[in-house]
Amino acid sequence: MEWEVVIGLETHTQLRTKSKQFSGASITYGAEPNTQADEVSIALPGVLPVLNKQAVECAIKFGLAINADIPARSVFSRKNYFYPDLPKGYQISQFELPVVGKGAVTIQVPASGKNAAYEKVINITRAHLEEDAGKSVHGALEGMSGIDLNRAGTPLLEIVTEPDMRSASEAVAYAKKLHELVQWIDICDGNMQEGSFRCDVNVSVRPKGTDKFGTRREIKNLNSFKFMTQAIEYETRWQIETLEDGGTIQQATVLFNPDTGETKAMRSKEEANDYRYFPDPDLLPLEVTAADKARVKATMPELPDAMKARFEADYALSSYDAAALTASRELADYFTATVHAGSDAKPAANWIMGAISAKLNTEEKMINESPISAAQLAQLLKRIADNTISNNAAKQVFEAMWAGEGEVDAIIAEKGLKQESDSGAIEAIIDEVLKANPAMVEEFKAGKEKAFNALVGQAMKASKGKANPAQVNEVLKKKLAN
Amino acid sequence: MINSSLKNLSQMLAKKEISSVEMTQTFLDRINKYNPTINAYIALNADKTLAQAKAADVRIANGKAEPLTGIPFAQKDIFCAKGWQTTCGSKMLANFVAPYDAYVITQFDNAGAVNLGKTNMDEFAMGSSNETSYFGGVKNPWDFDRVPGGSSGGSAAAVAARLCAAATGTDTGGSIRQPASLCGFTGLKPTYGLVSRYGMIAFASSLDQAGPMAKSAEDCALMMNVMTGFDERDSTSLNRPKEDYTRGLSNIQGTQPLKGLRIGLPKEYFADGLDANVAKVVQEAIAEYRKLGAETVDISLPNSQLSIPVYYVLAPAEASSNLSRYDGVRYGHRAAEYDDLMDMYMKSRSEGFGAEVKRRILIGTYVLSAGYYDAYYLKAQQIRRLIADDFTQAFKQCDVIMGPTAPSTAFKAGEKADDPVAMYLQDVYTIATNLAGLPGMSIPAGFSNGLPVGLQLMGNYFDEARMLDVAHAYQQVTDWHLAMPEGI
Amino acid sequence: MALNITDIKRIAHLARLEISDQEATATLTKLSGILGLIEQMQAVDTTNITPMSHSQDVTQRLREDVVTAINQREAFQSNAPFLGNGSAEKAVDSGLYLVPKVIE
């Protein structure tokens, strides 16, 4: 039987705020245990929550970015369960009426094997504001766990998709797209190591061609795209094998073990949960007016999809190039700055996605850490365009600039890379070459096209590589025609 | 002095007839003498109390006194007060020393008032007799065999026995008014949102409201001036201009000061279940109001009989969640012996909470649990709106509603302790205003077999000033509120 | 909706309250009485009635995103419970609250 995997994602994005969702405690990462756990974070008797304005604005931004319905009113509810890292015994979340309603994200699924790259729309069910839990630290004392509530109350936006994805690559493409988007609109720092962007992946399988969903298992807290791929692939195989062996899938929460590459059901979540959601009486309905939306919208940058379309239209870039350049706001900004500094778009795109990306990859740097600024790159590309240097020479200049050896023109002068474009001098060189290689001239005249290239090579060699190759071609053609 | 109004105490302090330290010591001496019997206070700390009194004397000497500066108050043990044992009447918090001040405590501190101590209460404010307190029952000063009412039973006994100048209470379903009725003094539950709940240990968040418990409407007005106000730390605190609740009191003059006032009498409040003697006293009080110029209008609150069922869904539901934080992890009771995490939770909570609290947690958990939410919680919230709408209709016909506060006078300790349903019926007349978020008040209206009877006043939203005027008018022509139990 | 012993045990576990078989029977009687009181609600037609969560029709106020809290760990942890199981120590270590091992 052929199987189909059905995947939906729930992503917890930590919002870019200074203080917690419901109190004025700091959310700085890495502080000493419980030093950022104020009276609200540790749920002292009598404390009350007050909602963070910045977190709400982040949610509105996200809603606008995915073209979602943002209802006039949303409601905070309590999700009740006992866990030592959950100090109130309930998590404040949104249940029936979330701040962001239905929206959509378009993903680019890269080519793999014989499958071509394609785009797909992933529907977002909802996004809701909630608070993070604390952390359990193991091994402090034998048989004990230590509870650190610094993270408790950290503002989160949980983004939930429809079960729209049909492969690990679609799921990862969605996660990457979302990761890019939340950073693009500056609502999340995207730091996956620190847990600022964590994905729970719901996986089920069903016979291909059927409509009914299979029983799903939820893979919790994936914090890298690589693990996500491995976990989904393992889980999918496991579910198919289980079913093919005549077994059934039990709904479960599972954890991925990066060491073994396997998924395994969590012991603590085995019992059926009954979260007893009800509207939090300590919080009032959250109102988002049209004016609020307009005000937030005015602060938002151009979105990646819009920018991609503009790049295609204004710069005649391919869909692939435009998508690559809008993979992050920093990259897009770098490209735009290069073009604004006077470079043509196409070579700028090629160099950024070619030489610069390769270097950044090797050195594990981000584009904003590039030693060559957009202005410097533009200057280099201008020198190619105006024939000051050849493409080959440009590569040398690029290496030198990367190594911090100075500005484009200074490096060209210092290294003597300026291209010879004086037609008199080029003619003199070519005359010399023709005189020195009569055999090649004869071969050319006898119809051997290859001989022409050999003569160009000789001329370039004679000019020590500085002659403008196009000019050499032109002059040589003229002379041989005589 | 112990019978003096807050205004008189303030004048005595201003005129240096007595210092705050002397006044405070007088009350501390009475507490030392009577508290071992009455058990009104859970926590006392004479050093802290007298330090506040000394500071108040300095403030008075510097001419910086406010109306309540130097006057000793009792604080219900539901309010966190920094450095004070704050137990909420529970074993769970028996060793909890609050590291911060509740809004109400801060307001009294800023006013220069003196904190005499923390008063006994039903555990987590769940009760109508103070018998659920981990720290033992409280005696009704009018009859030591009887309960003072609850949950603010300690504050009630302290006011009635003059173990404080006045006290604070909280009222979720009647916990200020019912004890005011049973102990014979004046208590006011304000409009929900007027007094910040910050630092007030939550029972049922959407119903809890703090208010004054004092000898007269005038005293309550002075306390309201201190207790109310906008607090940005409580999302449900209402941002309204500050009011002077005493502003209308001096206008209550002449023979018919209430001319034009329409008093609504809900027929449901005078039906079956009301003790005949209590009904008689209440009717007499209403007759007195007619003499003061008021007219009475018969009204109906048709859904009021549903307020108990609705309350016993909503309050336990909220409570079951509010009390989940008591898990023995960060503060509060942790079992001495346990096997694992689950065992620690189960033992700590089972040992730390008393029977009534556990009962309400179970009810609340049940009505919120999967499959029951719509039939119970949602239904209760819908009927809650019907109950509130009844009042909206009623206040088109009248300015204030009157009726009994409690169906009977103080009952004997133990009488209802094992019958939760009978106990719950104590709040049959008070709960509706909590559900609607309206202000309610109880004033002494006379006696039945030597036990105080309260008259309840219910007003429209934010109409506390008028209610205080109406109560004050009655207290100008009667002296029930000045009666004091004998032998204390 | 009649309550039974299984319900009592289930909700007691959800609420993390220990309840013996004997207590469960007594609790069942009392809770059934309370539920009997509550059942009166079912007679009311509430079609199209908007549930009332709050008595005032006001919306949530928002707090400016500023850090106002200071570190009060020592003060807060002075209220930590005793570790128990024979230890007279507070259930804190190196700033962490200690609980029996959390199994994930």
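## Where chains A and C pair up

Strand S9 (residues 144-148) of chain A and strand S5 of chain C run antiparallel, joined by 4 bridges; two strands pair if DSSP finds at least two bridges between them. Helices (H or I, at least four residues) and strands (E, at least two) are DSSP runs, numbered from the N terminus. Opposite Tyr97(C) in S5(C) stands Ile147(A).

This is a predicted model, in which local features need pLDDT of at least 70 and side-chain atom pairs count only at pLDDT 80 or more, while totals for chains, interfaces and linings use all residues. Residues are numbered from 1 along each chain as its sequence is written, with chains lettered from A and ligands numbered from 1 in the order in which they are written.

## The wider A–C interface

Here 43 residues of chain A are in contact with 32 residues of chain C (C-beta atoms, placed from the backbone, within 7 Å). On the chain C side, strand S1 (62-63), helix H3 (73-77) and strand S5 (96-100) each supply at least two residues. The largest share, 5 residues, comes from S5(C).

## A closer look at Gln54(A)

Gln54(A) belongs to helix H1 (residues 53-65) of chain A. Why does Gln54(A) count as buried? Because it has 21 C-beta neighbours inside 10 Å, and the cut-off for buried is 20 or more other C-beta atoms within 10 Å, with exposed meaning 12 or fewer and partly exposed in between. Not counting residues up to four places away in sequence, Gln54(A) touches Thr17(A) and Asp65(C).

## Helix H4 of chain B

In H4(B) (residues 103-110), the buried residues are Tyr103(B), Val104(B), Ile105(B), Gln107(B) and Phe108(B). Their cover includes strand S3 (114-119) and helix H7 (217-227) of chain B. After H4(B) comes Gly112(B), with a positive phi near 85 degrees.

Methods. Contact = placed C-beta atoms within 7 Å.
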